[in-house]
Amino acid sequence: MAAMLQSLGVTSASVTSNKFTAFSINSLPVIRSESRTVSVAINGTRKAGKVTTKAVAAQAENPTSAASKPGHELLLFEALREGLEEEMDRDPRVCVFGEDVGHYGGSYKVTKGLADKYGDLRVLDTPIAENSFTGMAVGAAMTGLRPIVEGMNMGFLLLAFNQISDNCGMLHYTSGGQFTIPTVIRGPGGVGRQLGAEHSQRLESYFQSIPGIQMVACSTPYNAKGLMKAAIRSENPVVLFEHVLLYNLKERIPDEEYVLSLEEAEMVRPGEHVTILTYSRMRYHVMQAAKTLVNKGYDPEVIDIRSLKPFDLYTIGNSVKKTHRVLIVEECMRTGGIGASLTASINENFHDYLDAPIVCLSSQDVPTPYAGTLEEWTVVQPAQIVTAVEQLCKQ
């Protein structure tokens with residue numbers, strides 16, 4: 001594996017460690033995403049508002065000062081649960097299917113306590129049979145329910161790919177509009193900490209080409225809750241990607257109800273020199289690199305695209321027209337990944353505004369190694385982002 005990585009030009013000199021340690025829900029470190037007011041979009045309507053200017057890992061704040069701020073603090077997995085619980089209270093048609101989602105509370109505790117509150121029929125423990133219970137969810141949606149399918153790991157949902165593609169994504173069309181499939185398919189994915197190749201997959205690009213499917217990726221407790229609620233209310237099937245290393249990220253979120261748009265990107269940091277497009281865990285690698293870039297005199301604009309299908313070309317395009325340079329940073333594989341589709345979309349729509357070729361930093365096209373050091377080499381690190389921006393801004 002080391003020889004394979006070296007042949008691809010990956011060297012330890014270009015890697016900066018960004019430790020998140022173990023992946024157990026009880027041992028993950030608490031990472032704080034700085035609070036902010038974000039534009040709220042309901043039912044796809046864009047509303048103007050303040051946006052995040054920072055989202056970086058930080059030390060836990062003083063409990064006294066935290067208590068004085070409005071809202072309440074939640075970890076990301078708790079925010080997902082709160083959004084799910086609010087929607088189950090609001091709409092009795094909402095139900096959950098999956099392995100260990102019931103009294104065990106899910107592998108990452110997103111559904112903890114919901115079986116006791118809503119009963120075993122609305123929070124249904126299933127056998128280890130992804131193809132079967134995903135098909136059952138599609139059928140339930142056709143009859144009027146609003147099911148949520150939890151994959152214990154997104155890689156396991158490859159076993160249900162036929163149901164997701166041929167049925168979930170296409171039945172509205174193939175039935176001539178007689179059926180809608182308001183289904184949410186969610187679960188953890190991404191490179192964790194030494195989980196091995198099969199449990200470290202990034203499957204965004206697998207689902208990207210399925211007609212009729214929407215895809216979003218959460219990155220903070222705030223957008224995790226807002227996107228969960230929006231996905232449940234959508235009449236379309238939605239795949240919600242969660243990253244295994246972000247479940248214990250902490251943030252203060254509003255007490256009042258809010259719902260985000262499934263098709264809107266988030267301006268994380270306004271800037272002038274280069275547009276950096278990213279999502280999920282790579283948002284934090286980018287923001288770590290942004291600190292270094294600012295100290296070196298660069299002013300990067302950072303956008304969390306959030307909507308992986310369709311892309312928010314309105315937000316992205318306005319940024320490209322301003323900075324004229326684009327860097328894409330993703331954890332998805334380089335070949336056929338989200339970055340490749342995003343590159344094509346920008347070139348097709350905004351080519352005349354570019355002063356330099358688009359640069360895309362992606363994971364290496366190799367199985368994720370178990371060894372921690374090799375695992376880091378396969379994923380984009382902050383030092384590589386800094387180098388890419390410096391080279392891009394020289395053009």
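Q: How many cavities of 30 Å³ or more does the count come to?
A: The model is a predicted one. The count for it comes to two cavities of 30 Å³ or more. The largest cavity holds about 130 Å³ of space, and its lining has 15 residues, of which Gly-189, Gly-190, Glu-204, His-243 and Ser-280 are the closest to its centre. About 40 Å³ lies in the second largest cavity.

Q: What makes a space a cavity and not a pocket?
A: A cavity is a set of points where a 1.4 Å probe fits but cannot get out, whereas a pocket is an open set. The general idea is that rolling a probe the size of a water molecule over the atoms shows where empty space is left.

Q: Which strand gives the most to the lining of the largest cavity?
A: Strand E8, residues 238-243, does, with three residues. By class, the lining of this cavity divides into five nonpolar, five polar and five charged residues.

Q: Which residues line the second largest cavity?
A: They are Val-191, Arg-193, Arg-281, Glu-375, Glu-376, Val-379 and Gln-381. Arg and Glu count as charged and Val as nonpolar; the lining divides into two nonpolar, one polar and four charged residues.

Q: What does Glu-375 touch, not counting residues up to four places away in sequence?
A: Glu-375 touches Val-191, Gly-192, Arg-193, Gln-194, Leu-195, Thr-368 and Pro-369. Arg-193 is 182 residues from Glu-375 along the chain, yet their C-alpha atoms are separated by 8.2 Å.

Q: How do you know which strands are the edge strands of the open sheet?
A: The sheet has seven strands in the order E4-E3-E5-E6-E8-E7-E13, with mixed pairing. Strand E4 (123-125) and strand E13 (307-309) each pair on one side only, and these are the edge strands. Neighbouring strands are turned by 20 degrees against each other on average, direction ignored.

Q: What makes strand E3 and strand E5 a pair?
A: Two strands pair if DSSP finds at least two bridges between them. Strand E3 (residues 94-98) and strand E5 (residues 146-150) have five bridges, in the parallel sense, so by the cut-off they pair. Within this pair, Gly-98 stands opposite Glu-150 in E5.

Terms used:
Residues numbered from 1 in each chain as written. Predicted model: local features only at pLDDT ≥ 70, side-chain atom pairs only at ≥ 80, totals over all residues. Heavy atoms only, no water. Contact = heavy atoms within 4.5 Å. 1 Å grid on protein atoms, 1.4 Å probe; cavity = no way out; pocket = protein on both sides within 12 Å on 5 of 7 lines; lining within 4 Å. Points joined across faces, edges and corners; volume = space filled by probe spheres on them. Helix = DSSP H or I, 4+ residues; strand = E, 2+ residues; numbered from the N terminus. Axes fitted to C-alpha atoms, helices over the stretch in contact; angles between N-to-C directions.
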